[in-house]
Amino acid sequence: MILTKTVILKIVNPDNDLVETMQKYSDGMNYASSVVFQNGKTIGSYKLQKIVYGYLREVIGLKSQMSCNIPRQVSGCYKTLKEQIKERKVIWKEITFSPYSMTLSYKRDFSISQDLVAITTINNGRKPYKIQSYDNAQQYFDGTWKFTASKVVRHKDSNHSFHLSIEKEVPEKELEYSSNYMGIDLGMNYLAVASTTEKNCRFFAGGHIKDIRNQYMSMRKRLQSKGTLSARKMIKHLSDKEKRLMRHVNHMISKQIIKFAIENKVFLIGLEDLKGIRENKVRKVRKDKRYHQSSWTYRQLQDFITYKAKEAGIKVHFVDPAHTSQECNRCNHISNTNRNRLKFICKKCGYENNADLNASMNIERRTRDFGYISLSQGCLSATQTNA
Ligand SMILES: [Zn+2]
């Protein structure tokens with residue numbers, strides 16, 4: 001099983017050379033992109049390189065390695081576009097690249113140590129830049145991780161960061177089959193509620209997070225009504241702050257959830273499938289408006305849970321999210337009047353429970369149903385690879 005991660009490192013001393021390199025690099029990407037676009041269909045990377053190489057080298061003035069990277073990346077982007085067209089998500093269009101992001105190949109365009117990243121620049125060849133060394137980043141430089149294509153990102157405030165992509169092959173954990181499943185409901189009152197087949201449950205509260213986020217929201221609303229440039233800047237600043245806060249919180253919560261799952265020897269974790277469905281359906285499923293507004297943080301939390309589960313050798317399954325909060329866990333009666341804020345009271349059988357816990361129990365049951373069916377068909381085994 002291959003684990004992949006992106007480690008974000010701050011570049012301490014970015015300079016004009018770097019800015020210019022990113023500018024020229026995006027010029028090159030946009031040139032190659034226009035060639036493919038005008039061609040009306042995708043061009044393989046080798047053929048595209050033959051077409052654009054001279055222009056990239058002589059007119060734009062890029063180094064040879066970058067002039068090889070660009071056609072490969074651009075060709076890849078159009079291949080992805082073609083797949084999206086097949087799925088009828090988009091139409092044929094010209095892809096544009098911004099000078100705010102540059103993808104580099106490891107060794108060919110950059111090398112890195114804990115404190116320095118050396119990047120090939122337009123004017124001064126391979127040039128070292130200091131990176132802020134974070135304690136939690138040190139573990140990725142222990143020699144066990146492989147570095148892969150990574151990105152330099154320039155932020156609107158002129159700060160630069162290096163998004164180091166890394167991977168590591170880890171042995172597949174052979175979990176013994178256990179009949180304990182776990183369902184996780186993500187919500188507003190509690191960030192997550194987990195329950196298992198053996199009726200263990202845990203509430204993961206976000207503490208004062210809800211209040212902070214509400215504060216952010218009301219501040220944003222006030223600023224939005226002003227509509228001035230400085231108000232817009234302030235809004236951006238606030239949402240960046242909120243994003244960082246939630247990222248941290250989601251890391252903590254997902255860690256605790258997986259710890260709970262390991263302690264309970266959980267075989268399969270169930271989450272609601274929010275990814276495959278459109279925003280408006282999320283809204284339908286979740287009447288709570290605030291849930292819709294912050295659906296990105298739920299997706300992020302799900303991603304973190306999935307990733308950490310994989311690390312722990314626990315499988316994750318995504319269940320149909322329809323009515324998970326309106327269905328009675330005892331008699332399966334579905335009604336939107338069953339739920340009354342924090343409390344779930346079944347209109348049919350009178351079953352009472354905490355509303356989020358009831359939802360997580362429904363998710364657990366759906367996950368268990370999936371597990372039984374898959375196991376009986378031999379599609380899910382304890383040692384199946386989790387690719
Ligand atoms: Zn009931």
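I began at arginine 202, which lies in strand β10 (residues 201-204); helices (H or I, at least four residues) and strands (E, at least two) are DSSP runs, numbered from the N terminus. With a relative accessibility of 37%, arginine 202 counts as partly exposed, a class that falls between buried (under 20% relative accessible area) and exposed (over 50%), with a 1.4 Å probe and protein chains only. I then looked across to asparagine 354, which is 152 residues from arginine 202 in sequence and 12 Å from arginine 202 in space, C-alpha to C-alpha.

Before going on, I noted that this is a predicted model, in which local features need pLDDT of at least 70 and side-chain atom pairs count only at pLDDT 80 or more, while totals for chains, interfaces and linings use all residues. Residues are numbered from 1 along each chain as its sequence is written, and side-chain values use heavy atoms, with hydrogens and water left out.

Overall view. I counted nine helices and 15 strands in the protein chain, whose C-alpha atoms fill a box of roughly 75 × 55 × 45 Å along the principal axes. Of the 387 residues in the protein chain, 44% are buried.

Salt bridges. I searched the whole structure and found 12 salt bridges, each being a side-chain nitrogen of Lys or Arg within 4 Å of a carboxyl oxygen of Asp or Glu. One of them pairs glutamate 242 with arginine 213, with the closest N and O atoms 2.7 Å apart. Glutamate 242 belongs to helix α5 (residues 229-263) and arginine 213 to helix α4 (residues 209-226), so this pair ties together parts that are 29 residues apart in sequence. Glutamate 242 is buried at a relative accessible area of 5%, and arginine 213 is buried at 7%.

I next looked up arginine 368 and glutamate 364, whose side chains meet in a salt bridge at 2.8 Å, N to O. Both residues lie in helix α9 (residues 355-376), four residues apart, about one turn of the helix, and glutamate 364 is buried with a relative accessible area of 2%. Elsewhere in my notes, salt bridges that share partners join Asp15, Asp17 and Lys127 into one network.

The pair of glutamate 352 and lysine 343 also forms a salt bridge, the closest N and O atoms being 3.5 Å apart. Here glutamate 352 is partly exposed at 47% relative accessibility, and lysine 343 is partly exposed with a relative accessible area of 40%.

Annotated region. The UniProt record, an unreviewed entry, carries the annotation "domain: Cas12f1-like TNB" over residues 298-363; such annotations may be inferred rather than shown by experiment. Over residues 298-363 I found the chain to be 36% helix and 20% strand, with the end C-alpha atoms 15 Å apart.

Charged surface. Which residues form the positive surface patch? I listed Lys41, Lys47, Lys79, Lys82 and Lys86, where a patch takes residues with over 30% relative accessible area and no salt bridge, like charges being joined within 9 Å. Lys and Arg count as positive, and the place of a charge is taken as NZ for Lys. Helix α3 (residues 64-86) gives the largest share of the positive patch, three residues. Lysine 47 is found in helix α2 (residues 45-60), and lysine 47 is exposed, with a relative accessible area of 55%.

Key
Patches are made of residues with over 30% relative accessible area and no salt bridge: like charges are joined within 9 Å, nonpolar side chains (Val, Leu, Ile, Met, Phe, Trp, Tyr) within 5 Å. Accessible areas come from the Shrake-Rupley method with a 1.4 Å probe; for residues, only the protein chains shown count as cover.
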